[in-house]
Structure formats: C-alpha cells, structure tokens
Amino acid sequence: MLGLDQAQVDGFDGDTGLFGHLPELDSMAVAGLLTEIEDRLDIVIEDEDVDGEMLESYGGLLAFAEAKVVGG
Amino acid sequence: MYATWPCPLPDGTAGEEMVLGFDRRRKKRLLVVPPLFDEANKFRHQLVEIMRRLDASGIDCFLPDLPGCNESTAPAANQSIAQWQAATTAAAAHFGATHVFGVRSGGWLVPDALPGWIYAPVKPRQVLRGMLRARSLAAREAGRSESSDDLLARGRQDGVTLAGWELGADLVRELDERDFPPGSRAKAIEQAEVSGKPLWLRAENDHDPAQADALVAILLAGLGEE
C-alpha cells in the first residue's frame, strides 16, 4: 500500500510514526488507507474513531484495528 | 492519437471532448472507461501503457474524456453518473466499440450492451466515503471540525467540494444511494489475477509495466475467444 518499499514496511514496529511522519500519508492517502482497512477487515471506522493517537503510529493503528475486529 | 469526439449534452446537443485513441480500423475495438475522481490521475499513465500494448497486439482502443473530467471544460458540478453513462454509451457508438474495459469506478459507466471487463470494481458508497473522510481529515489538520455525516447531508442538498472535486447534489445522491452494478456481459478482473500492489492505493501517481502486461494478457485472451 501507498507504494512504500517492502524493506521500509518490514522495518515498521509499534513506535513507527505514521501521520505527520511519513510524507506519503497526506489526508487523501489516510482516507484511502482507512477505507481499504474497512473493506479488507469488514469493519466500520467512524469519524470519532479517527484521532491523533490512532494515526500517530503503526502500533496505534494496529491496536485500533484489532480492537474493532474483536469488538465487531 | 489525440482527437475530439461529439459528447452528448443534457440539452440534447453535442459538446466536444478529447479522446486518446489508437484507431487503425481494425476489427476488435475496445472502449476504455477510466476511473473517476482521484483515481483518474492515479491510473492515467497505466491506462496509456495498457493501450500501447493493445495497439501493438492489433486491438484498436479509445479513451474518451467524459464531461467534467480530465481536459474537459464542462463544469464538474453539473455532472452525474446518469450523464456519464449516456456519454460512454454515445462514445461506444461513435467509435464502433466491440468491447469495453472499465477500471474501478469506470465500471459503473460501462454500456450494458457490450461484452467486456471491469478491473477491480468498487462500490460507489466506498468511493464517496473516502472523499468525505479526506475532507474531514484535512479540516481537522487545519483546526476545523467537519463531520462526514454533516458533509454528506450538505452534499445531498446543495452539492459539496470533496478533496478538490466539485460534486453536484445529483451526483452525491447517486453515489450515496445506488450501486450501478455491471451488466451480465461484463466480467470482473480482480487485483489478485493481475498481482502486484494496487496502483490506486499509492500516494503518488505511478505505473507498473508488469501489471500492464498481465492485464493485457487477460484482455487479449478474452478478445481472442470471439
């Protein structure tokens, strides 16, 4: 996704910065990313779910997605 | 390569739009319907790659501008899916298309009468949701609050500009309410059959020769069957 190098993605951990850290992630790309996550995981992400903490790091996004999938 | 075509206007007259075409009066003639909005830019280079390969393989192909899209000077805010469907149907007749190839949201517009393919089909509501979210996120970055629900309600009433695209109220309602499923003669091509990373998820416009080769192989296999 986003045309990031696999090597770069493989290096992602929970502290890897996303929004504001990766130049590839502008608001259109974030919107596309969240819509794709909804589609692939069959979840609905509400406006109020999207906050700085969730988008701040890869760990934040992963924790959010996992909670959504488990919580339904 | 570049020419114009007479595109029908809502008042019954014909306007003029641009078309990128490879026309050598061959038997197999493919109408290419590009994705709408942001993905139109993401795919433009790739579509040209695909068309060059088709041309080299003996297939005529045409990529017409739809009103309000690409180089068109028609006001974007006046367009609707219904009008774009009428435009692609008119383009198919004008170019004598024997087959159609719709990409992503372009699949909503393919004429039912033609056999063909829809690459990586997407739902209208999903596309609208992405655009609403982009505006909502951009507003938040700028310190304002605009909810997707409020933007949608406003858009359905008066039209709204989302991620730089002026959407009229008719178009917003169509995207919110309708599915525009393909006709029975269109086959879906999923990304898994093409392999590689989807171009529409990349942040910057890009192209991918290996994916173009794979897609053209699928199209040629189908075109050869008839």
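**Notebook: chains A and B**

I began with a loop: Asp42(A) sits between H2 and helix H3 (52–56) of chain A. This is a predicted model, so I kept in mind that local features need pLDDT of at least 70. I looked up the backbone of Asp42(A) and found phi near 55°, a positive value in a residue other than glycine. Is Asp42(A) buried or exposed? Asp42(A) counts as exposed, having 10 C-beta neighbours inside 10 Å.

Ala163(B) is not a glycine either, and its phi is positive at about 50°. I located Ala163(B) in the loop between S7 and S8 of chain B. Ala163(B) is partly exposed, with 19 other C-beta atoms within 10 Å; the cut-off for buried is 20 or more.

**The two chains together**

Next I checked how the chains meet. I noted 16 residues of chain A in contact with 19 residues of chain B. On the chain A side, these are seven nonpolar, four polar and five charged residues.

Ser27(A) is partly exposed, with 19 other C-beta atoms within 10 Å.

**The sheet of chain B**

I traced the strands next. Seven of them make an open, mixed sheet in chain B, ordered S1-S2-S4-S3-S5-S6-S9. Strand S1 (2–8) and strand S9 (186–189) of chain B are at the edges with a single partner strand each, so one side of each has no neighbour in the sheet. On average, neighbouring strands of this sheet are turned by 30° against each other, direction ignored.

S1(B) and S2(B) run antiparallel and are joined by seven bridges. They form a hairpin with five residues between them, and Gly12(B) in the turn has a positive phi of about 95°. Strand S2 (residues 14–22) of chain B is also antiparallel to strand S4 (residues 60–64) of chain B, with four bridges between them.

**Helices and core**

I moved on to what lies over the strands. Helix H2 (residues 81–95) of chain B lies across S1, strand S3 (29–33), S4 and strand S5 (99–103) of chain B, at about 125° to S1(B). Helix H7 (residues 209–224) of chain B lies across S5, strand S6 (116–119) and S9 of chain B, at about 160° to S6(B).

Which residues are buried in helix H5 (residues 169–177) of chain B? I listed Leu171(B), Val172(B) and Leu175(B). They are on the same side of H5(B), because they cover an arc of only 100° around the axis. Among the elements covering them are H2, helix H3 (124–141) and helix H4 (148–158) of chain B.

Last, I opened the largest nonpolar core, which has 69 residues. Those touching the most other members are Val30(A), Leu30(B), Leu31(B), Val32(B) and Leu54(B). I looked up Val32(B): beyond four places in sequence, Val32(B) touches Leu47(B), Met51(B), Cys61(B), Phe62(B), Leu63(B) and Phe101(B).

Notes
Residues are numbered from 1 along each chain as its sequence is written. Chains are lettered from A and ligands numbered from 1 in the order in which they are written. This is a predicted model: local features need pLDDT of at least 70, side-chain atom pairs count only at pLDDT 80 or more; totals for chains, interfaces and linings use all residues. Two residues are in contact if their C-beta atoms, placed from the backbone, lie within 7 Å. Ala, Val, Leu, Ile, Met, Phe, Trp, Tyr, Cys and Pro count as nonpolar, Asp, Glu, Lys and Arg as charged, and the others, Gly among them, as polar. Two strands pair if DSSP finds at least two bridges between them. Helices (H or I, at least four residues) and strands (E, at least two) are DSSP runs, numbered from the N terminus. Axes are lines fitted to C-alpha atoms, for helices over the stretch in contact, and angles run from 0 to 180 degrees between N-to-C directions. A residue is buried if 20 or more other C-beta atoms lie within 10 Å of its own, exposed if 12 or fewer, and partly exposed in between; C-beta atoms are placed from the backbone. The arc is that of the directions from the helix axis to the C-beta atoms. A nonpolar core is a set of buried Ala, Val, Leu, Ile, Met, Phe, Trp, Tyr and Cys residues joined through C-beta atoms within 7 Å.
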